[in-house]
Amino acid sequence: MLKYHLTIIDILLFFLVMLTVNFFDFIPFPTTWDSWNSNVNKYAILLISISIWLISLFYTHQGDILNKKNKKSFDSSTIFLTLSLIVVCIFSAIFYSQSLFSTFENMYWYFVFPFLYFGLKDYLIEFGNLVKFDKIIVVTGVLLSVVYLLYSKGFINLHPNAIIDIQNLSSGKVEYGFSRFQAPADFVFFVSFYLSLTLTIEMRELNVKYFIQQILLIANLFFVGQIRVYFVIAFMLFIVTLFFKIVGKFKQTKIIFIIFGFLAGCFLILYLIKKLNFFGGGARQASSIVRSEEISYYLSHMFDHKLFGVGFPDITYNYYLIRGFSPTYLAPVYYLEDVGVFGFLGVFGLLGIIYILLFLNNLVSHIRVSQDKIIMYIFICAFLATCFTLIPLNNSRIELMPFYLIIITILSRSKKK
C-alpha cells in the first residue's frame with residue numbers, strides 16, 4: 001500500500017474541513033469562538049484559504065499529475081468573479097454611503113472561493129494529494145452522517161454547541177421519527193457526490209464498504225437533512241454509477257443498456273418527485289409560492305445599478321431591500337440563499353450573467369476533453385441541478401465550491417485506473 005507524507009497544506013485542509021462541518025462546536029470553547037466558527041461566519045475559513053493559497057505559490061509537484069496533457073480549468077471564470085467582487089464591493093460602498101470595511105463585512109466570505117480554488121487546483125490534481133484529501137472528507141462525511149442520524153433519532157446527546165445551525169432547528173419538523181438538522185446536509189451531499197464520481201474513475205472499488213458509506217450518507221440526507229433536492233440527486237448518482245459499472249461489462253450491447261437505463265432513470269425521478277411530494281400542499285406548497293415570489297423579487301433588482309444588482313448593502317439600514325416583502329406571509333421573509341442562482345443574479349446583475357456564461361463555457365471545455373462524455377454530462381447536470389436552490393456560492397456552502405470544480409476537473413482529466 002502506498003504511503004503519502006502529510007504536508008502543511010494537508011494539515012490546513014484538515015482544519016478547514018473541521019471548520020466546515022462545525023466540528024469544534026463539540027468542544028466547549030469560550031463564547032468568543034462563536035463569531036469565528038459557525039455555519040454563517042467564515043473568518044477562520046477565509047484565513048486558512050489565504051494561507052493555503054500563499055503556500056501553494058511556493059509548492060512544486062511531488063508526484064504523478066493526472067493527465068498532464070489536459071490543462072483545462074476554471075481559471076478564467078474564477079478570475080472574473082474575483083474582479084467582480086472587488087468592483088461590486090467598491091461601488092456598493094459608494095452607492096450605499098458605507099465604509100469599505102463595513103461593505104467588506106457584508107461579503108468577505110465570497111473570497112474563500114478564489115483563494116481556496118487557486119490554492120488547491122494544482123495541488124489536488126496530484127494523485128497522492130488527492131488520496132489524502134479523499135481520506136479526510138470521506139471519513140468526516142460518514143462520521144458526521146452517523147452522529148447526526150443517532151442524535152436526530154434521540155439515541156445520543158451532544159454538547160449544546162454541537163447543534164449545527166440552531167436557527168433551522170425551530171423550523172425543522174420531525175419526519176419518520178427523525179428531527180431535522182439542515183446544515184450538515186451540504187457537506188454530506190458533497191461527500192456522496194464525490195464518492196459516486198471516484199467510483200466512475202475506478203479510484204475506489206465497488207464493494208460492501210462503498211455501499212455502507214453511500215447508504216449512510218443518503219440516509220442522512222433523507223431523514224436528517226430532509227432536503228429533497230440533495231436526496232434525489234445523491235440517490236440518482238448512486239444508482240447511475242452502479243448502472244454504468246454493470247453496463248461496462250457488456251460492451252457489445254452498451255448503447256441498448258444506456259437507452260433503457262436513461263428511460264428507467266426518468267421514470268424513477270418522476271416517481272420520487274411524486275412520492276416525496278415535491279410540489280404538494282400545506283407548508284411545502286406555501287414554500288414553493290414564496291420561492292417563486294423571491295425569484296421574481298430578486299430578478300427585478302438585477303440592474304439596480306446597471307452593472308450589478310443589489311450588491312452588498314448593510315442589512316441594518318437596508319433590511320427591506322434585502323428581505324423584500326411577501327404578500328403570502330405579509331412579512332419580509334425573502335432570503336437570497338433560498339433561490340440559488342437567482343439570488344446570485346440579484347446581487348451581481350450583469351456581472352453575474354457574464355460570470356455564469358464564462359463558467360458554463362469552462363464546463364463545456366471540460367466535457368470536450370473528457371474521455372467519457374456521458375459520465376461528464378451526468379455529473380455536471382447533477383451539479384447544476386443543485387444551483388437553482390442550493391448554489392455553492394451561498395454563504396453557508398461557499399468553501400465547497402472550489403472542491404466541486406476541482407473534482408470535475410479531475411473527472412475530465414482522469415483515465416480509469
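Predicted model: local features only at pLDDT ≥ 70, side-chain atom pairs only at ≥ 80, totals over all residues.
A contact here means heavy atoms within 4.5 Å of each other. Residues are numbered from 1 along each chain as its sequence is written, and side-chain values use heavy atoms, with hydrogens and water left out.

On the overall picture, the protein has 15 helices and two strands, taken as DSSP runs numbered from the N terminus (helices H or I, at least four residues; strands E, at least two). Of its 417 residues, 52% are buried, that is, under 20% relative accessible area, with exposed meaning over 50% and partly exposed in between (1.4 Å probe, protein chains only). Among contacts with a separation of 6 or more, 77% join residues 24 or more positions apart. The exposed surface comes to about 20200 Å², with 69% supplied by carbon and sulfur atoms; these areas come from the Shrake-Rupley method with a 1.4 Å probe, and for residues only the protein chains shown count as cover.

Next, the nonpolar cores. Such a core is a set of buried Ala, Val, Leu, Ile, Met, Phe, Trp, Tyr and Cys residues joined through side-chain atoms within 4.5 Å. The largest one has 107 residues, and the members touching the most others are Phe113, Leu120, Phe133, Phe190, Phe193, Leu393 and Phe403. Helix α7 (residues 185-200) gives this core its largest share, 11 residues. Leaving aside residues up to four places away in sequence, Leu120 touches Ile9, Leu13, Ile52, Phe403 and Ile406. Another core, of eight residues, lies apart from the largest one and includes Tyr96, Tyr297, Val310 and Leu321.

Then there are the aromatic pairs, 45 of them in the structure. Rings of Phe, Tyr and Trp (its six-membered ring) pair if their centres lie within 6.5 Å; planes under 30 degrees apart count as stacked, over 60 as edge-to-face and the rest as tilted. Tyr210 and Phe211 pair edge-to-face, at 6.5 Å centre to centre and 80 degrees between the planes. Tyr210 is buried at 1% relative accessibility, whereas Phe211, at 32%, is partly exposed. Tyr210 also pairs with Phe238, this time tilted, at 6.2 Å and 35 degrees. Because Tyr210 sits in helix α8 (residues 208-225) and Phe238 in helix α9 (residues 228-247), this pair ties together parts 28 residues apart in sequence. Phe238 is buried too, with a relative accessible area of 8%.
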